[in-house]
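Dear colleague,

Please find below the structure that I am handing over to you. My notes on it follow.

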Amino acid sequence: MRGGLGLAGLLLAASISAQAATLHVPGQYSQIQFAVNAAQVGDTVLVAPGTYTYLHQPPGADSCAVAMKSGITLLGSGQGQTIIDPVRLSRAIYCSGVTNARIGRLTVKRAFAQIYGAGIYCKGGSSPAIFACGVTDCGDGGIICNLGSSPTIDHCTITNNEAKEGGGVACEASSSPVVTYCTIRGNSAPSGGGVFAKSGSAPRFEHCVIEQNSLSTLNGSGGGVGVVNASATVRFCRIADNSATGTGGGIAMIDAVVTIENSDIEGNSTSGDYGPGGG
């Protein structure tokens, strides 16, 4: 009986693999969202070089350029080649309850969210694999993880984004992304200019560079990394040249547990009279 079930599973997997398709944008579909809508589990939406500026949904709280779904791969032609640019009218990529999905080899820029989550927004237990992406110049966050979302983020460049919390990467409500080999640079927010974790989240950063991030308010904390009522692990990272207007130019820990291993924390600073802790 066990052997029969195993064989059936293998046959099903082989059937899904054989049926997997590559959907081309704009060759077959004029918009990325049209291809995502048509894709089945196991399919890849392959986006040619170019800048894609249209919207999927009308402007509003949840408008976005691309609404992802589970089980598919969204693949560009490389950072700086395939560009999703909502020209500050909406979010770029929106994931709600999305699992077993991949997003890679593209750039997101000039995304905007009225409420929360501009560049790549993961909520409701979403866990896509995000790799080789650039996220830049977004208003209200670069990559945002909320409501139990724990994506993997690998070899990404997250730069020059602004947010209410966590300009580069934000983790809220028990979200625990794994971030590896990423550069998080030049982002800003009132708390956690580069990275912010709160409310039971537990992100892990390995082999990352978190540098030149800053705070956009007086008496804020965590120029590079801010952790509040949460935990974080930092391994083999460089946290450098970040600045805060309050506590923790490099890292601020408030009711938090942060494990730091084999990492360099240097050149960080605080300004004004609001708090100590350059590093």
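How many bridges join strand β16 to strand β20? There are 3 bridges between β16 (residues 169-171) and β20 (residues 195-198), and the two strands run parallel. Within this pair, alanine 170 stands opposite phenylalanine 196 of β20.

This is a predicted model, in which local features need pLDDT of at least 70, side-chain atom pairs count only at pLDDT 80 or more, and totals for chains, interfaces and linings use all residues. Residues are numbered from 1 along each chain as its sequence is written, and side-chain values use heavy atoms, with hydrogens and water left out.

Strands here are DSSP runs (E, at least two residues), numbered from the N terminus, and two strands pair if DSSP finds at least two bridges between them. Strands of a sheet pair through backbone hydrogen bonds. The open sheet has 8 strands in the order β4-β7-β10-β13-β16-β20-β24-β28, with parallel pairing. Its edges are β4 (64-67) and β28 (251-254); each has a single partner strand, so one side of each lacks a neighbour in the sheet.

As for disulfides (pairs of cysteine sulfur atoms within 2.5 Å), the count is 0. The cysteine sulfur closest to that of cysteine 122 belongs to cysteine 95, at 4.5 Å, which is too far for a bond. For cysteine 208, the closest cysteine sulfur is in cysteine 237, and the 4.7 Å between them is again too far.

Yours sincerely

Definitions and conventions. Helices (H or I, at least four residues) and strands (E, at least two) are DSSP runs, numbered from the N terminus.
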